[in-house]
Amino acid sequence: RIHSVAHPLGSVADLYFGVKNIKSKLTRNTGISMITGDNITRYGTVGDFPCLPEDELREKWEEKYLIPKLVVQRIVAHVTKPDPHIIVMASNDKEGRLAFDTTTVVRSKIANYSDDFLLAIINSRYTSWYLHRFVYNFSTRTMGFRDGFADKPPIREIEFTADEDEREPHV
């Protein structure tokens with residue numbers, strides 16, 4: 001029934017991994033700030049952000065990563081108490097940090113689906129429940145929020161009946 005009023009996440013957003021094969025080049029304080037899976041919490045970030053020396057930056061990364069975007073921990077947490085479930089953790093990277101390969105980047109393709117809307121959906125218990133039950137088949141081992149899996153959660157179709165001026169005060 002849900003599929004009659006929803007689209008898979010992969011049809012409303014682009015999903016791709018962070019930058020790979022750069023771990024040995026990271027520094028602590030100087031360069032371009034990066035976000036890793038360890039930095040991501042639900043709706044926020046924590047810890048020290050590693051840096052990539054500016055001379056290591058590739059031009060092709062700029063338009064893909066150095067922009068505001070959603071970042072999701074690539075490895076999904078499996079929790080056993082009070083009942084077995086998973087927790088998908090995503091954050092809104094408004095600073096436009098370079099994303100490390102322990103993250104999955106999510107960028108909306110459709111204007112009606114704002115980053116904040118998608119962030120709320122991805123961090124919801126419903127999305128974690130849906131992925132655990134229907135995508136990961138109650139797995140208890142390593143689960144990745146990546147292509148083939150991350151693009152599956154249903155995102156409710158948005159059809160606005162009010163024009164944008166009427167909606168603005170409520171956003």
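Which residue in β12 is the bridge partner of Val71? Val105 is that partner. The model is predicted: local features need pLDDT of at least 70, side-chain atom pairs count only at pLDDT 80 or more, and totals for chains, interfaces and linings use all residues. Residues are numbered from 1 along each chain as its sequence is written, and side-chain values use heavy atoms, leaving out hydrogens and water.

**The sheet**

- Four strands form an open sheet in the order β2-β12-β7-β10, with antiparallel pairing.
- Its edge strands, β2 (13–17) and β10 (90–93), each pair on one side only.
- From one strand to the next, the twist averages 25°.
- Strands are DSSP runs (E, at least two residues), numbered from the N terminus.
- Two strands pair if DSSP finds at least two bridges between them.
- β7 (residues 69–73) and β12 (residues 103–108) pair in the antiparallel sense over four bridges.

**Arg42**

- Arg42 sits in the loop between β4 (40–41) and β5 (44–45).
- Arg42 is partly exposed, at 38% relative accessible area; the class lies between buried (under 20%) and exposed (over 50%), using a 1.4 Å probe and protein chains only.
- Beyond residues up to four places away in sequence, Arg42 touches Ile87, Val88, Met89, Ala90, Asn123 and Ser124. Contact means heavy atoms within 4.5 Å.
- The Arg42 side chain reaches the backbone oxygen of Asn123 at 2.3 Å.
- Thr27 and Arg42 are 15 residues apart in sequence and 26 Å apart in space, C-alpha to C-alpha.

Definitions and conventions. A polar contact is a pair of N or O atoms within 3.5 Å; within protein, one must be able to donate a hydrogen and the other to accept it, and residues adjacent in sequence count only if both atoms are side-chain atoms. Axes are lines fitted to C-alpha atoms, for helices over the stretch in contact, and angles run from 0 to 180 degrees between N-to-C directions.
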